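Dear colleague,

I am passing on the structure that we spoke about, and I would be grateful if you could look through it alongside the notes below.

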Amino acid sequence: MIRIKELREEKNILQRDLSTSLNRTRACVSSWEQGKTEPSIEDLSKMADLFGVSVDYLIGRVDNAETKLENEEKQKSPEEIIAELFRTLPERQKWQTIGFVQALVKHNDF
């Protein structure tokens, strides 16, 4: 059982917004949620990052989202985690994020 709808609603994300983040149609996301079609591995990975869970939890292989994600996160560097999350953002939010990071760096007293 894929937990897309459950996690999307838990995070207050609309189908439209999820589809935009994944560069897919809303109908495509709806089809996944209804079990008519299945997302690609790439889409599953992006959604897992967006929802803050592991792919295993997203597809129903494990029931404990936190434990599995914590184990996976410990193996990744902060740069890898940021890059994965950044890839899930729509183009406009990518530019906003870049501006935010530039401001952090500019105003940080090292």
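The model is predicted, so local features need pLDDT of at least 70 and side-chain atom pairs count only at pLDDT 80 or more, while totals for chains, interfaces and linings use all residues. Residues are numbered from 1 along each chain as its sequence is written, and side-chain values use heavy atoms, with hydrogens and water left out.

Fold. The chain has eight helices and zero strands, where helices (H or I, at least four residues) and strands (E, at least two) are DSSP runs numbered from the N terminus. Of the contacts (heavy atoms within 4.5 Å) between residues at least 6 apart in sequence, 45% join residues at least 24 apart.

Helix α4. In this helix, which spans residues 41-51, the buried residues are Asp43, Leu44, Lys46, Met47, Ala48, Asp49 and Phe51. Their cover includes α1, α2, α3, α5 (55-58) and α7 (78-87). Just after α4, glycine 52 takes a positive phi of about 75 degrees.

Charged side chains. The whole structure holds five salt bridges, each defined as a side-chain nitrogen of Lys or Arg within 4 Å of a carboxyl oxygen of Asp or Glu. One of them joins glutamate 33 and arginine 8, at 2.5 Å from N to O; because glutamate 33 lies in helix α3 and arginine 8 in helix α1, this pair ties together parts that are 25 residues apart in sequence. Arginine 8 counts as buried, at 8% relative accessibility. Within α4, lysine 46 forms a salt bridge with glutamate 42, the closest N and O atoms being 3.2 Å apart, and since these two are four residues apart in the helix, they are separated by about one helical turn. Glutamate 42 is partly exposed, with a relative accessibility of 48%. A further salt bridge links aspartate 17 and arginine 16 at 3.5 Å, N to O, and aspartate 17 is also partly exposed, at 32%.

Arginine 3 lies over the face of tyrosine 57, at 4.1 Å from the ring centre, the criterion being NZ of Lys or CZ of Arg within 6 Å of the ring centre and within 35 degrees of the ring normal.

Surface. The accessible surface comes to about 7,700 Å², of which 52% belongs to carbon and sulfur atoms, as given by the Shrake-Rupley method with a 1.4 Å probe, where for residues only the protein chains shown count as cover. Phe100, Val101, Leu104 and Val105 make a nonpolar patch of about 380 Å²; patches are made of residues with over 30% relative accessible area and no salt bridge, like charges being joined within 9 Å and nonpolar side chains (Val, Leu, Ile, Met, Phe, Trp, Tyr) within 5 Å. Valine 105 belongs to helix α8, residues 91-106.

Backbone. Most residues other than glycine have a negative phi. Asparagine 12, however, has a positive phi of about 55 degrees; it sits in the loop between α1 (4-10) and α2 (15-22) and is exposed, with a relative accessible area of 70%. Asparagine 23 likewise has a positive phi, of about 60 degrees, and is found in the loop between α2 and α3 (26-33), where it counts as exposed at 66% relative accessibility.

With kind regards

Notes: Buried means under 20% relative accessible area, exposed over 50%, partly exposed in between (1.4 Å probe, protein chains only).
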